[in-house]
Amino acid sequence: QSAIIEEGTVICAGAIVQPKVKIGRCCIINTNSNIDHESIICDFVNINPSATLCGNVLIGKNTIVGANATIIEKIKIGECNVIGAGSVIIRDTNDHSKLVGVPGKLLNS
């Protein structure tokens with residue numbers, strides 16, 4: 001089944017979007033990023049270069065996923081999150097979270 005890509009979204013060169021992915025409005029899927037099967041990316045999300053969503057991942061609206069970050073399969077990322085560059089996210093996150101590192105750890109705000 002085809003991916004669904006909403007209005008205003010930009011898919012940059014080298015990005016891979018697999019089947020059954022849904023990408024919301026006004027998102028950026030940046031250079032060389034990988035969005036695997038059945039992932040859902042809500043509105044106004046920025047997936048930075050070479051980030052990887054490993055399949056069946058949910059990214060809440062207004063979230064930034066840093067360059068080279070990896071989110072393992074079946075993870076739910078809350079709204080308005082910031083995932084640091086190079087981080088590996090292995091657990092679900094709440095809204096308004098900032099995570100960095102391997103594995104991703106919550107930053108105190």
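This is a predicted model: local features need pLDDT of at least 70, side-chain atom pairs count only at pLDDT 80 or more; totals for chains, interfaces and linings use all residues.
**Parallel sheet, cysteines and a buried serine**

Strands are DSSP runs (E, at least two residues) numbered from the N terminus, and two strands are taken to pair if DSSP finds at least two bridges between them. Strand S12 (residues 70-71) pairs with S15 in the parallel sense over 2 bridges, and Ile71 has Ile89 of S15 as its bridge partner.

The structure holds 0 disulfides, a disulfide being a pair of cysteine sulfur atoms within 2.5 Å. For Cys12, the nearest cysteine sulfur is that of Cys27, 12 Å away, whereas for Cys27 the nearest is that of Cys26, at 7.5 Å. Cys12 counts as partly exposed at 23% relative accessibility, while Cys27, at 1%, counts as buried (buried, under 20% relative accessible area; exposed, over 50%; partly exposed, in between; 1.4 Å probe, protein chains only).

Ser39, located in the loop between strand S6 (34-35) and strand S7 (40-41), is buried at 0% relative accessibility. Beyond residues up to four places away in sequence, Ser39 touches Lys20, Val21, Lys22, Leu53, Gly55, Asn56 and Val57, contact meaning heavy atoms within 4.5 Å. The side chain of Ser39 also reaches the backbone nitrogen of Asn56 at 3.4 Å.

Residues are numbered from 1 along each chain as its sequence is written, and side-chain values use heavy atoms, leaving out hydrogens and water. Local features need pLDDT of at least 70 and side-chain atom pairs count only at pLDDT 80 or more, whereas totals for chains, interfaces and linings use all residues.

Definitions and conventions: Helices (H or I, at least four residues) and strands (E, at least two) are DSSP runs, numbered from the N terminus. A polar contact is a pair of N or O atoms within 3.5 Å; within protein, one must be able to donate a hydrogen and the other to accept it, and residues adjacent in sequence count only if both atoms are side-chain atoms.
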